[in-house]
Amino acid sequence: MSEFDFVVLGGGSAGYAAARTAHELGLSVAVVDGADELGGLCILRGCMPSKTLIQSANRALSIRRAGEFGLRAHGFEVHPEEIRDRKRELIDDFAGYRQGQLADGRFELIRGYGQYLSPTQIIVNQREGGERIIEAKTSIIATGSKVSEVPIEGLAELGYWTSDDILDTDTLPQSIIVLGGGAIALEMAHYLEGVGRDVFVIQRSDQLLSGSDRDVAKALEGALNEREKMDVFTATKIVRAESADGGLKKLVFEHKGELCEIVAEEILYALGREPATAKLDLVQANIETDRGYVKTQPDQQTSQPNIFAAGDVCGPLEVVHIAIEQGEAAAYNAARYLGKVDGRIKTMDYRLKLFGVFTEPQVAQVGMTENEAIDKGIETVVATYPFDDHGKSMTMGETHGFVKLIGDKHTGEILGGSVVGPEATELIHEIVVAMHFHAKAADLMTIPHYHPTLSEIWTYPAEDIADLVEEAK
Ligand SMILES: Cc1cc2nc3c(=O)[nH]c(=O)nc-3n(C[C@H](O)[C@H](O)[C@H](O)COP(=O)(O)OP(=O)(O)OC[C@H]3O[C@@H](n4cnc5c(N)ncnc54)[C@H](O)[C@@H]3O)c2cc1C
Ligand SMILES: NC(=O)c1ccc[n+]([C@@H]2O[C@H](COP(=O)([O-])OP(=O)(O)OC[C@H]3O[C@@H](n4cnc5c(N)ncnc54)[C@H](O)[C@@H]3O)[C@@H](O)[C@H]2O)c1
């Protein structure tokens, strides 16, 4: 039996960040991961492959819109196998780099799934065969997430695709029904429509992106519905899936009080992901969960003091920059628990939380949404400015959407921002920096912005907020 200061279960974004940090703090570290291929979700089947495919869709959309710009594009073809090959090449490169980092000798890499025997003992079913028991003075659960169970009558028997299938296919169906209205569903829908497929999006809530402000979600819905080959249905209730003539698949759902049917070649299931904890035997380690998520304190400690958690397995936001920050904080706090560092406990601060969706138009948010501010009883002033009245976006032909700023009514400090529109996931970072320094809207208004740029659009809502704050005095 071998003993480690810190055992990392799962070598994805959260786990690798934790392992690297713990090593830098002088802890002996083992990383346990049972996947066929190392690299984690973001690199292998998440952020990076999806954004690679989306680049093909974005270029296809530019070609499809060539006529608007006085151009003629002839002989335009989509080759899914070449899109897939480009993705494979890039992902092999990213994954190879991460695999090298995991195996470079800083940690002991143990290939197998880990399971708790007690709060300090983990048994690993090794890929090479046999079991190994390791002693863990502290450990971190960073085992990520998996596609949630399918709750739809008939779908499991009929068969369906998930994002994993789209990301590695060399043939694409001509038509596809996308179930869900979260980031995965919408990014996949954007990709598929972009490369010329007929897409039907079916969302249960009465808006897309349930956590977003309604005006943001509705602007996105409007823009997606204007896409030539996309139809978005919100406020639906899925009834069942069944086979249709010609090897097609049918979805039956309720919408606006009527029973509707859509027939397509394939169905993409994107109704969410859930924490991957099944193999861990958390009960043996006294670890509590909440709706499947490992329960953590703001310092990432679980209900068992020597065990921490980070990433998708604990939430609250299943995105990569949060997984990394949580992993780093957890490793630091584990070192502190072991008496190896003596600074203050590191806790997560979600004040600058970010979310981005790489559709066309894109969506991005930082900090508080208007709904969150209302729920917290914070008095705010809110201002928006549309891209269809902004010179640079008009020259680009990118006029969907708007920017939105939320400011404290009394101080004018910027509390949050949202963008639906061109380069939203880049534009949002100006607000992240402003919020990092606790900037007021009046500051943002006066900071120089080059003309004509997309970024200068922020100065308009900033000016409105500054005026509203003055009026409120
Ligand atoms: C299609 C898609 C697109 C996405 N796009 C974005 C994006 O653009 N931006 C963004 O921020 N986020 C995006 N995400 C979310 C992001 O990928 C995740 O939030 C992030 O990768 C989670 O990292 P993690 O370390 O928690 O988990 P993972 O990277 O999943 O790592 C978990 C690891 O644990 C291992 N494991 C599981 N069980 C055990 C066990 N018992 N013992 C040992 N090892 C185990 C697994 O093999 C895996 O390697 C996307 C997700 C998807 C699916
Ligand atoms: N660009 C990004 O940052 C990015 C991209 C992809 C995924 N992610 C992350 O991955 C995680 C998983 O994403 P996701 O999109 O799979 O999950 P999600 O939970 O965000 O979205 C699932 C959607 O399906 C809907 N839904 C659930 N059950 C339904 C039903 N029975 N009928 C109809 N609709 C139903 C929900 O209302 C929700 O809108 C998210 O937390 C997300 O943050 C991030």
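Reader: How does helix 1 pass helix 9, in a right-handed or a left-handed crossing?
Author: Helix 1 passes helix 9 in a right-handed crossing. A crossing is right-handed if the near helix is turned clockwise from the far one by less than a right angle, and left-handed if anticlockwise. Helices here are DSSP runs of H or I with at least four residues, strands are runs of E with at least two, and both are numbered from the N terminus.

Reader: What kind of model is this?
Author: This is a predicted model, in which local features need pLDDT of at least 70 and side-chain atom pairs count only at pLDDT 80 or more, while totals for chains, interfaces and linings use all residues. Residues are numbered from 1 along each chain as its sequence is written, chains are lettered from A and ligands numbered from 1 in the order in which they are written, and side-chain values use heavy atoms, leaving out hydrogens and water.

Reader: Back to those helices: at what angle do the axes of helix 1 and helix 9 cross?
Author: The axes of helix 1 (residues 13-24) and helix 9 (residues 320-337) cross at roughly 35 degrees and come within 7 Å. Axes are lines fitted to C-alpha atoms, for helices over the stretch in contact, and angles run from 0 to 180 degrees between N-to-C directions.

Reader: Which residues meet there?
Author: Among them are A14, A17 and A18 in helix 1, and V320, A323 and I324 in helix 9. Contact means heavy atoms within 4.5 Å.

Reader: And helix 3 with helix 4: what is the angle there?
Author: Helix 3 (residues 47-64) and helix 4 (residues 80-102) pack at about 145 degrees, with axes 9 Å apart. Their crossing is right-handed.

Reader: Moving on, which residues are closest to ligand 1?
Author: The closest are D33, L41, K51, D312 and V320, out of 34 residues that surround ligand 1; a residue counts as near if one of its heavy atoms lies within 4 Å. A backbone N or O atom of L41 is 2.8 Å from an oxygen atom of ligand 1. Such a polar contact is a pair of N or O atoms within 3.5 Å.

Reader: Which residues come nearest to ligand 2?
Author: I184, E187, Q203, E318 and G356 come nearest, of the 20 residues around ligand 2. From G356, a backbone N or O atom lies 2.6 Å from a nitrogen atom of ligand 2. In the side chain of Q203, an N or O atom is 3.0 Å from an oxygen atom of ligand 2.

Definitions and conventions: A polar contact is a pair of N or O atoms within 3.5 Å; within protein, one must be able to donate a hydrogen and the other to accept it, and residues adjacent in sequence count only if both atoms are side-chain atoms.
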